[in-house]
Amino acid sequence: MGSEIELTFTEDLQLTEVMRMRAQSLQQKGQKRQDGERLLLPHEAVYRLEFDEQELTFSHWNVILRGTGRLTVTGISQLWTPDLTNLMTRQLLEPIGQFWRNAGDPEDSPIKCLEADIQEFGERIAEMAQVRKVMYFLFAYKEGAEKDKISCSLVFNKKE
């Protein structure tokens, strides 16, 4: 078995801003979004994962959520070129990753998640890493989750 590698999601501030400006521009002009277009919601941000290694097998998610709330991670398919095209709903991958802690859950209790979904999602990301150097994601912060109270990474095994 190869060695482990941990990749941390990093916020793409520039891309998040471009997508926010697109939504604001449409709103200000009273225009509708393009048919099938996916606009960034106020509680969302764009993150990226960069693959220095491309021969990876998925191991596990490493998510830390301090306090209560819900983090939803949605992958964006390799068909999206953010500098050229608007994000379309058909480019969003399924399943999504959902991680949460409810009010009343002890702070040291494990984060809840849909394990089968996050396993399948992680495997899909590893597959896409074979042909991509970078992949984009939408992070949604809900139910009191705050960006500065969450860290999220993926652990892979390098193929020998």
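1. Let's start with Ser153, which sits in strand S9 (residues 150-158); strands here are DSSP runs of E with at least two residues, numbered from the N terminus. Residue numbers count from 1 along each chain as its sequence is written. Please keep in mind that this is a predicted model, where local features need pLDDT of at least 70, side-chain atom pairs count only at pLDDT 80 or more, and totals for chains, interfaces and linings use all residues, while side-chain values use heavy atoms, leaving out hydrogens and water.

2. Ser153 has a relative accessible area of 4%, so this residue is buried (under 20% relative accessible area, with a 1.4 Å probe and protein chains only). Its contacts (heavy atoms within 4.5 Å), not counting residues up to four places away in sequence, are Glu6, Leu7, Thr8, Phe9, His60, Trp61 and Asn62. With the side chain of Glu6, the side chain of Ser153 makes a polar contact at 2.4 Å (a pair of N or O atoms within 3.5 Å; within protein, one must be able to donate a hydrogen and the other to accept it, and residues adjacent in sequence count only if both atoms are side-chain atoms).

3. Next, have a look at strand S6 (residues 97-101), where 4 of the 5 residues are buried. S6 pairs with strand S5 (residues 69-75) in the antiparallel sense over 5 bridges; pairing requires at least two bridges found by DSSP. Trp100 in S6 is the bridge partner of Arg70. Strand S7 (residues 112-113) also runs antiparallel to S6, joined by 2 bridges, and Cys113 in S7 is the bridge partner of Phe99.

4. Finally, Gln91 lies in the loop between S5 and S6. Gln91 counts as buried because its relative accessibility is 5%. A polar atom of its side chain is 2.7 Å from the backbone nitrogen of Met88.

Conventions:
Buried means under 20% relative accessible area, exposed over 50%, partly exposed in between (1.4 Å probe, protein chains only).
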